[in-house]
Amino acid sequence: MKRIFFASLILFSILSGCNTKEDSFLEVDANSRSLNFGVEASYQTITVDANVAFRATSSHPEWCTAVVLNFPTDNLGISVKTNATFDVRHATVTISADGVADVTITVNQLSATPVLSVIQNHILIGGSLDFSLDVHANFPIVFDLPAWISEKEGNIWTSGAKKYSFTAFPFFDPLPSREATITVRAASSSVNIQPVSVSIVQLSDGLQSYVTLKCDFHIHTVFSDGTVWPVTRVEEAYRDGLDVMSITDHLEARYRTNLPAGYTLQNTSHNTSYDLAEAAAKEKGIILIRGSEISRDVPPGHHGAIFLSDCNELDKSDYMDAFRAAKARNAFLSFNHPQYSGYGNQINVWFPVLTQLLSQEMMHGIEIVNNDYGGYSPIAHRWCLDNKLTMLGGTDTHYPIPAFAVGKHRTMTLVFARSRTPEAIYEALMERRTAVYHGDNIIGEEKYLKQMFENALQWSMVKNGNNVEVTVKNNSDLPFHMKTANLDPRLVVSVYSFTITPKGTYTLTVSLLEGITGGDLNFSVENFLVEPNVGMKYTVGI
Ligand SMILES: [Zn+2]
Ligand SMILES: [Zn+2]
């Protein structure tokens with residue numbers, strides 16, 4: 001009624017010619033001063049009673065707009081967009097005209113209701129390390145993860161239902177499993193919703209779930225400074241029982257001049273040795289990994305680069321460019337033979353550039369055993385333990401390898417891989433699942449060596465009065481050089497040191513002092529090196 005009255009008044013004023021500046025007015029009914037909108041986009045009109053031209057502006061034009069319409073009533077349209085946020089939001093529409101006071105209208109819009117649900121409430125990891133969560137969320141979310149789980153690439157939030165991918169780090173422990181919780185929550189604390197928890201259990205992944213592959217990742221041919229044709233390298237590897245080999249000809253030291261017709265080192269691709277060996281390796285069932293040796297003076301010295309796509313990409317004048325080219329292909333990189341006598345007074349030196357390479361992920365392992373040029377380096381062994389680097393043992397062979405006598409073997413890296421594939425070998429190298437087999441020694445992390453030891457041996461005991469006969473049967477091809485250590489003084493052992501020969505059996509007698517029924521028999525396995533020149537401790541209860 002009031003509107004009609006004012007409208008009539010305007011009409012009357014115009015008709016009667018009595019419109020004066022003193023009489024300018026602009027008013028909005030109190031009920032229209034505060035407008036409420038739902039979550040969805042919508043539109044309302046209000047009536048502005050005015051006898052002058054007016055305009056309207058919104059404080060939040062990105063979601064609330066006001067448009068002046070030309071009707072005497074319902075002459076201001078206010079629209080809002082859908083509120084996808086989880087906050088109630090407010091805008092102010094200011095109506096103004098010349099000569100009158102502004103009138104403000106408050107626009108209120110309800111917030112969206114946050115939705116967060118996860119289909120899985122329990123995840124079990126065993127075998128594959130990858131898993132995913134099916135999450136429905138209409139707001140950005142984050143995952144609170146235990147240290148041993150990481151998100152995979154591609155977990156970009158989009159509103160609605162989506163699969164998010166994760167991977168666990170390998171778990172290798174005497175314990176059968178480990179447990180944790182993943183919490184899925186809103187990225188912003190302004191979204192008022194309870195986080196969702198998913199319990200997660202990972203089963204321990206012992207050596208039994210890996211295949212042990214015999215590998216030599218350091219071999220030369222006539223295509224650098226060796227004297228052996230690539231195909232012959234494959235034949236040697238086959239004879240020596242290798243599963244995996246990499247020919248790593250020097251990128252820089254290329255000396256041979258007596259190559260067959262058609263080959264010259266200067267004009268030959270760095271891939272030639274791989275290309276020539278490839279068919280033979282395939283025929284023999286040997287996995288051939290493409291590699292090169294970056295061979296500079298110290299520092300940085302020689303570095304193995306394997307799992308390359310094209311060895312020529314590493315042929316750079318600046319050695320850092322060679323490392324960068326290798327990294328660009330996700331190559332596995334190792335510092336080779338720090339113990340090499342040719343390094344003069346720089347043998348077993350940790351050069352500052354090694355720290356740089358390490359920090360830039362351009363050094364993943366160290367050749368702690370180089371069979372032909374320096375043997376075992378306890379110092380390099382220590383570096384691997386301290387810097388969590390992969391332990392490698394290679395032949396670095398340049399000349400023909402004669403056949404090994406029975407009981408002897410080629411120096412090699414044992415790789416504990418999920419399967420007999422290049423991808424699994426790469427993964428194992430990156431995850432430091434290796435041990436070095438050199439002479440009678442196995443060198444590596446205790447968690448692997450202990451399982452190798454336990455898998456190889458069977459223990460049995462016979463009590464006879466105060467004596468216990470302890471018999472150990474060796475089912476493996478490895479000898480075990482044992483020493484008694486830190487003996488319980490109440491146990492008297494017949495020997496100080498002994499060897500359990502490959503496929504052999506050994507019996508020792510333990511005498512118990514009067515009144516003693518048992519105790520711990522402590523050994524050091526002298527040829528299982530878990531620390532530089534330190535054998536693995538092992539205890540047998542009797
Ligand atoms: Zn070298
Ligand atoms: Zn070499």
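Q: Let's start with one residue in this predicted model. Which residues does Val 244 touch, not counting residues up to four places away in sequence?

A: The general idea is that in soluble globular proteins, nonpolar side chains tend to be buried together. Here, Val 244 touches Leu 213, Cys 215, Ile 286, Ile 287, Ile 289, Val 415 and Ile 425, leaving out residues up to four places away in sequence.

Q: Which residues have the most contacts inside the largest nonpolar core?

A: Val 244 is one of them, along with Met 245, Ala 326, Ile 368, Val 415 and Ala 435, in a core of 77 residues. Strand β35 (residues 520-531) gives the most to this core, with six residues. The core also draws at least three residues from each of domain 3 (209-442) and domain 4 (450-541). There's a second, separate core of 16 residues, and Leu 26, Cys 64, Ile 105 and Val 107 are among them.

Q: Let me zoom out. How is the protein divided into domains?

A: Domain 1 covers 2-109, domain 2 covers 116-205, domain 3 covers 209-442 and domain 4 covers 450-541. The centres of domain 2 and domain 4, taken over C-alpha atoms, sit 45 Å apart.

Q: Now helices. Which residues of helix α4 are buried?

A: General idea first: an α-helix has 3.6 residues a turn, so residues three or four places apart point the same way. In α4 (residues 319-328), the buried ones are Tyr 319, Ala 322, Phe 323, Ala 325 and Ala 326. Seen down the axis of α4, these buried residues fall within an arc of 160°, so they line one face of the helix. They pack against β20 (287-295), β21 (302-306), β22 (332-335) and α5 (352-359).

Q: And which residues of helix α6 are buried?

A: In α6 (residues 378-387), they are Ala 380, His 381, Trp 383 and Cys 384. These cover an arc of only 160° around the axis, which puts them on the same side of α6. Their packing partners are β23 (365-370), β25 (390-394) and β28 (441-444).

Q: Is Ala 281 buried or exposed?

A: This one is a matter of counting neighbours. Ala 281 is found in helix α3 (residues 272-284), and it counts as buried because it has 22 C-beta neighbours inside 10 Å. Setting aside residues up to four places away in sequence, Ala 281 touches Val 234, Ile 286 and Leu 288.

Q: What follows α4, and what is its phi?

A: In general, most residues other than glycine have a negative phi, and most peptide bonds are trans. Asn 330 follows α4 with a positive phi, near 55°. Asn 330 is found in the loop between α4 and β22, and it counts as partly exposed because it has 13 C-beta neighbours inside 10 Å. Just after α6, Lys 388 takes a positive phi of about 55°.

Q: Where does Phe 307 lie, and is it buried or exposed?

A: Phe 307 lies in the loop between β21 and α4. With 21 other C-beta atoms within 10 Å, Phe 307 is buried. Its phi is positive, about 70°, although Phe 307 is not a glycine. Asp 310 is found in the loop between β21 and α4, and with 15 C-beta neighbours inside 10 Å it counts as partly exposed.

Q: Back to peptide bonds. Is the bond from Val 298 to Pro 299 cis or trans?

A: That bond is cis, with omega near -25°. A cis peptide bond also joins Pro 299 and Pro 300, with omega about 5°. You'll find Pro 299 in the loop between β20 and β21, and Pro 300 is in the loop between β20 and β21 as well.

How values were computed. Residues numbered from 1 in each chain as written. Chains lettered and ligands numbered in written order. Predicted model: local features only at pLDDT ≥ 70, side-chain atom pairs only at ≥ 80, totals over all residues. Domains from an automatic or database assignment. Buried ≥ 20, exposed ≤ 12 C-beta atoms within 10 Å, placed from the backbone. Helix = DSSP H or I, 4+ residues; strand = E, 2+ residues; numbered from the N terminus. Arc of directions from axis to C-beta. Contact = placed C-beta atoms within 7 Å. Core = buried A, V, L, I, M, F, W, Y, C linked by C-beta atoms within 7 Å.
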